[in-house]
Structures are given as C-alpha cells and as structure tokens.
Amino acid sequence: YAEMENWLCHPDKANDACDVDLSYTIVNADGTTTAETFEAAENPPIDCFYIYPTVSMDETANSDLEANDEELRVAEGQLARFAETCRIYAPMYRQITVPELRRAMTGQGFTANMDMRWSDVTGAWNDYVENDNDGRGVVILGHSQGSSLVQELVKKEIVGSDMEDKIVSVMPIGITTYADADTGNFGPFEPCAEASQTGCIIAYSSYRSTNPPPPTALFGKTGPAGNRAMCVNPAELTGDDGVLDA
C-alpha cells in the first residue's frame with residue numbers, strides 16, 4: 001500500500017475516486033432552486049479510513065485491486081462528501097465479489113479466500129498508521145462487507161493499541177454489530193449519544209418503518225447468545241428530534 005494505485009482514495013493520489021464534483025441543487029418548498037457548491041476542507045482536523053461494501057462485479061471469487069465503475073460509484077456516493085471534515089483514506093481490497101455471493105446463495109459453493117481480503121485491509125491500515133496518521137484523530141467507517149472488516153479491524157488491531165485513544169468514532173453501517181452483554185458497548189466504544197461525543201460507535205441496520213425486519217432477516221437482530229444488535233440513529237445525535245435535512 002506504499003503504491004498509490006492500490007488506494008481508491010488517498011490524499012497523495014492524483015485524481016482519486018473521491019476527487020469528484022459534489023455540487024448539488026436544493027429544491028425549495030416554493031419550487032425555486034438554489035445551487036450549492038461543495039468544497040473539500042483545505043486542512044481538515046481528522047482522518048477517515050473507509051472500507052467499501054460488496055460492489056465488485058468481477059467474476060472471480062475475490063476481486064482484483066483495480067477500481068472499476070462500481071468501486072468509483074460507491075466512493076462518490078458514500079465517502080467523498082466526508083472530505084469537508086477529514087482527509088480520506090480508502091484502500092482497494094480483494095473483497096468477496098457479488099457473483100461469488102450469488103453462487104454461494106444458490107448452492108453452487110463458496111470458494112472466496114477470506115484471509116486475502118483481511119491481509120489487504122490490515123496492510124492498508126498499518127501503512128496508514130506508520131506513514132500518515134502522525135497522531136491525528138481518525139474515524140473508522142464502512143458499509144456491509146466493509147463493516148464486517150471494520151469490526152474485525154477494531155477488535156484485532158485497534159483495541160489495546162496506541163491507536164485506540166485516537167479513534168474519533170467507529171461506524172460499521174449496514175451490518176449487525178452486537179453490543180457486549182455486560183456493558184452494552186462495542187469493546188471500549190460506547191454508543192454515540194450526541195454529536196460532540198468522541199471515542200464512540202454509530203452502528204445500525206435500517207428498515208422501512210412500514211416493513212420491519214421479518215423473522216428471517218439477516219441484519220439488526222438479537223444474536224444467538226442474547227447479545228442485542230446495536231442501533232444508533234444518527235439523526236438523533238444532532239438534537240433535531242431525529243429529523244434529517246435532505
């Protein structure tokens with residue numbers, strides 16, 4: 001990961017996937033519109049380390065390290081706007097691909113190498129810590145498959161290390177994150193309760209209010225050992241009664 005070609009987004013990478021136009025238009029209640037230009041922070045105070053979800057359409061069981069349209073789209077849609085708050089680090093990793101998951105779910109077997117994706121994520125994290133962190137605070141975030149690796153990274157590489165005290169927040173979104181039965185936390189990280197809090201976790205799986213998770217749901221359910229699925233509503237951290245301004 002000393003090579004910039006293995007990063008999806010990195011401050012030292014020219015024309016990376018997060019270097020996109022995020023200008024937008026607000027449609028007001030009276031039908032008028034207001035154009036807003038997005039500007040990345042020139043000197044953001046913290047970093048964001050992101051692991052993207054299952055998006056690769058490579059036909060192999062594990063993806064390669066080349067960014068295709070699907071990786072570029074997810075970086076633009078989920079991550080790039082964080083540049084108004086943090087320096088962004090997003091490694092490519094040899095994830096389990098969408099075709100491989102389809103094969104597994106239809107009984108055709110599962111051949112993906114789990115150790116391969118883990119070695120990529122830890123390799124990227126260690127490169128970041130050794131060469132770029134420099135004592136800065138960092139948000140660890142991901143989605144879906146990426147969130148499972150965020151959970152593993154926190155448990156195996158961050159808790160008990162010098163980096164534990166530098167964690168601004170942990171955000172494994174769109175996967176079940178089980179709270180520790182005795183504390184209700186995820187390791188040393190308690191659920192975030194307000195926007196100004198640091199050293200906490202935001203974790204949830206979302207469902208429509210009119211379509212709650214059925215008994216066969218994969219996400220957001222109590223675990224077999226009775227551990228509750230964490231559910232931190234980010235809209236409630238702002239003090240606006242859970243209402244988000246789209």
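1. How much space lies in the largest pocket? It comes to about 1000 Å³. A pocket here is an open set of points on a 1 Å grid over the protein atoms alone, where a 1.4 Å probe fits and protein lies on both sides within 12 Å along at least five of seven lines. Grid points are joined across faces, edges and corners, and the volume is the space filled by probe spheres set on the points.

2. Before going further, a word on the ground rules. This is a predicted model, with local features needing pLDDT of at least 70 and side-chain atom pairs counted only at pLDDT 80 or more, while totals for chains, interfaces and linings use all residues. Residues are numbered from 1 along each chain as its sequence is written, and side-chain values use heavy atoms, with hydrogens and water left out.

3. Two or more lining residues come from each of β2 (24–27), β4 (46–51), α1 (69–79) and β7 (167–173). Helices (H or I, at least four residues) and strands (E, at least two) are DSSP runs, numbered from the N terminus.

4. β4 deserves a look of its own. Six of its six residues are buried, that is, under 20% relative accessible area, against over 50% for exposed and partly exposed in between (1.4 Å probe, protein chains only). In a regular strand, side chains alternate between the two faces of the sheet. In β4, I46, C48 and Y50 point one way, and D47, F49 and I51 point the other. Please note that D47 is among these buried residues.

5. What about the neighbours of β4? Strands count as paired if DSSP finds at least two bridges between them. β4 pairs with β5 in the parallel sense over four bridges, with C48 opposite I88. Five bridges join β4 to β6 (residues 138–143), also in parallel, and here I51 stands opposite G142. β4, α1 and β5 make a right-handed β-α-β unit: with the strands pointing away from the viewer, the path from the first strand over the helix to the second runs clockwise.

6. β2 and β3 (residues 33–36) give a contrasting case, pairing in the antiparallel sense over four bridges. I26 stands opposite T34 in β3. Five residues lie between the strands of this hairpin, and G31 takes a positive phi near 95° there.

7. Now the cysteines. How many disulfides are there? The count is three, taking a disulfide as a pair of cysteine sulfur atoms within 2.5 Å. Counting bonded cysteines along the chain, the pattern is 1-2, 3-4, 5-6.

8. C9 is joined to C18, S to S 2.1 Å, and this link is right-handed with 85° about the S-S bond. C9 is buried at 1% relative accessibility, and C18 is buried at 12%.

9. C48 is joined to C86, again with S to S 2.1 Å. C48 lies in β4 and C86 in β5 (residues 86–91), so the pair ties together parts that are 38 residues apart in sequence. The torsion about this S-S bond is about -100°, so the disulfide is left-handed. Both C48 and C86 are buried.

10. C192 and C200 form a disulfide with their sulfur atoms 2.0 Å apart. Its torsion is about 90°, so it is right-handed. C192 is buried at 10% relative accessibility, and C200 is buried at 0%.

11. C231 counts as exposed, at 63% relative accessibility.

12. Lastly, P215 lies in the segment after β9 (200–201). P215 counts as exposed because its relative accessibility is 74%. P215 and I167 are 48 residues apart in sequence and 35 Å apart in space, C-alpha to C-alpha.

Methods
On a 1 Å grid over the protein atoms alone, a cavity is a set of points where a 1.4 Å probe fits but cannot get out, and a pocket is an open set with protein on both sides within 12 Å along at least five of seven lines; lining residues have an atom within 4 Å of a point.
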